[in-house]
Each structure stands twice: as structure tokens, then as C-alpha cells.
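I've kept to the ligand site and the aromatic pairs.

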Amino acid sequence: MAEKRTLLITAGPTREALDPVRFITNRSSGKMGYALAAAAVEKGFSVILVSGPVDSSVIPPEGLAEFVPVICAAEMAEVVKTRFPAMDAAILCAAVADYRPKVVAQNKIKKKEGELILELERTEDILFSLGQMKTGQQKLIGFAAETENLAENALCKLKKKNLDWIAANQVGLPGQGFQSDRNEITLYGVNGEVIPLPLTEKKLLAKQMLDAIFQ
Ligand code: CTP
């Protein structure tokens with residue numbers, strides 16, 4: 001029997017600590033990444049799912065090769081970069097924080113009179129890093145959330161991050177995207193492919209996406 005193809009998927013938000021009780025995060029539910037993981041298992045892949053903290057109602061699918069929960073962007077970067085060399089492909093769906101607090105206070109920050117100014121620093125762009133590591137045999141797929149110039153911005157990211165495919169979605173539309181069960185994406189391939197996948201359940205969309213990318 002042929003060996004199973006291996007696929008790494010990231011999902012969910014990250015949490016960037018400010019002090020022992022506070023963090024910066026975003027509205028990602030993890031639903032799209034988990035749907036992709038379920039569809040990939042179904043399609044016969046050996047799947048590693050690396051996930052930021054999601055609600056307990058979002059459950060890892062059965063049949064994963066490995067489930068790795070992480071909290072912050074640095075932790076996700078470490079796990080993903082360690083595992084990527086052994087993978088046939090990776091789909092980075094996580095909404096990784098682009099910035100984190102420059103200083104993480106050891107003790108709870110106490111309130112004072114006046115304003116508090118937070119200094120933030122960039123996190124590692126994990127997708128970009130994998131684009132640098134990628135071999136000719138590996139496929140790398142990213143997501144792009146855009147409020148404007150969808151095609152132009154997505155194609156720019158595809159090139160800059162050395163991707164094979166990018167799944168672009170328009171954010172800010174009611175009833176789809178972040179936290180919703182439904183979404184609409186357009187897939188752009190490195191060879192000029194443009195594949196619109198109209199608004200549907202994330203579970204079906206995940207299957208359509210994998211069918212389009214992996215024959
Ligand atoms: N990503 C990542 N590591 C980061 C940030 C993003 O791996 N630190 C990945 C996401 O998983 C997603 C893609 O990169 O696949 C999104 O790229 P990004 O350039 O962050 O997109 P936007 O959030 O749309 O960025 P921008 O602020 O440039 O519009």
C-alpha cells in the first residue's frame with residue numbers, strides 16, 4: 001500500500017500575553033482549520049493539526065496523526081517549523097497575531113492615573129518562514145483575509161511568501177468568515193489558476209478546497 005501523504009494544518013487564534021492575567025487575541029474560531037483537518041483525514045492524509053486556543057465546542061476531528069495545542073505565535077512557529085520538513089504539504093489557516101507586547105509583565109499590571117501606552121513588536125510570519133524552507137516537492141498553502149483589493153493583495157502574498165496556493169476571503173461581510181459556519185473563498189494558484197468557491201458551509205468548502213489543490 002502507498003504511504004499516506006502528510007499534511008500539517010494550523011488553526012485558530014493565538015494569544016499574546018501582556019501580564020499573568022491578560023492577553024491580546026482575535027476573533028478566529030478555528031472552525032475553518034478544523035474543517036480542513038477533518039476533510040483531509042477523510043481524503044486519506046496523515047494530518048497534524050496545530051491549534052491555538054479555541055472554544056471547547058470546536059473539537060479536533062477523529063483520526064488525526066497528531067494534535068498539538070499551542071498558545072502564542074512563538075510557540076506555534078516553533079512547532080510548525082520543527083514538523084514542516086517531514087511534511088508533503090502545509091495549510092496555514094491560523095489567525096496568528098502579527099504583533100505581541102514587547103514586554104510581558106511578571107506581575108499583574110496595576111492601574112494608575114492617566115493613559116497606558118502598550119508597545120508591540122512583530123511576531124514571526126510563520127507562513128513566510130515556511131516559504132523560505134519549502135523544497136520543490138512540498139506544497140504550501142496560505143490564507144489571506146482582505147477588506148479591499150482581494151485579488152491584488154492575495155496575489156501579492158502568494159508571491160512574497162513563496163506559496164503554491166492562497167485562499168483569499170473578503171472579511172467584514174455579514175454571515176461569513178470569522179466565527180461563522182459559512183465562508184466564501186477564491187483560490188489563486190501559482191500557475192495562474194483562479195478558482196472561486198462560492199458561499200457555503202465551511203465543512204463543504206474545506207472539502208472543495210482540498211479537491212481543487214490535491215488531485
Ligand atoms: N500567518 C502566519 N504567521 C503570522 C501571520 C500570518 O503564518 N505571524 C499566516 C496565516 O496563517 C495566513 C496568512 O499568513 O495563512 C495570512 O497572512 P498575513 O500576511 O498575516 O495576512 P493578513 O492578516 O491578511 O495580513 P496583512 O496585515 O498583511 O493584510
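1. A residue counts as near a molecule if one of its heavy atoms lies within 4 Å of it. There are 15 residues around the ligand, and those that come nearest are Leu-92, Ala-94, Glu-124, Lys-157 and Lys-161. The model is predicted, with local features needing pLDDT of at least 70 and side-chain atom pairs pLDDT 80 or more, while totals for chains, interfaces and linings use all residues. Residues are numbered from 1 along each chain as its sequence is written, and side-chain values use heavy atoms, leaving out hydrogens and water.

2. Now the polar contacts (pairs of N or O atoms within 3.5 Å). A backbone N or O atom of Ala-94 lies 2.6 Å from a ligand oxygen atom, and one of Leu-127 lies 2.9 Å from an oxygen atom of the ligand. Lys-161 uses a polar side-chain atom instead, 2.9 Å from a ligand oxygen.

3. Which elements give two or more residues to the shell around the ligand? They are α3 (126-133) and β9 (139-146), helices being DSSP runs of H or I with at least four residues and strands runs of E with at least two. β9 has the largest share, 3 residues.

4. On to the rings: they pair if their centres lie within 6.5 Å, and planes under 30 degrees apart are stacked, over 60 edge-to-face and the rest tilted. The whole structure has 2 aromatic pairs. Tyr-34 and Phe-67 make an edge-to-face pair, because their ring centres are 6.4 Å apart and their planes at 70 degrees. Tyr-34 is in helix α1 (residues 31-42) and Phe-67 in strand β5 (residues 66-69), so this pair ties together parts 33 residues apart in sequence.

Notes. A polar contact is a pair of N or O atoms within 3.5 Å; within protein, one must be able to donate a hydrogen and the other to accept it, and residues adjacent in sequence count only if both atoms are side-chain atoms. Rings of Phe, Tyr and Trp (its six-membered ring) pair if their centres lie within 6.5 Å; planes under 30 degrees apart count as stacked, over 60 as edge-to-face and the rest as tilted.
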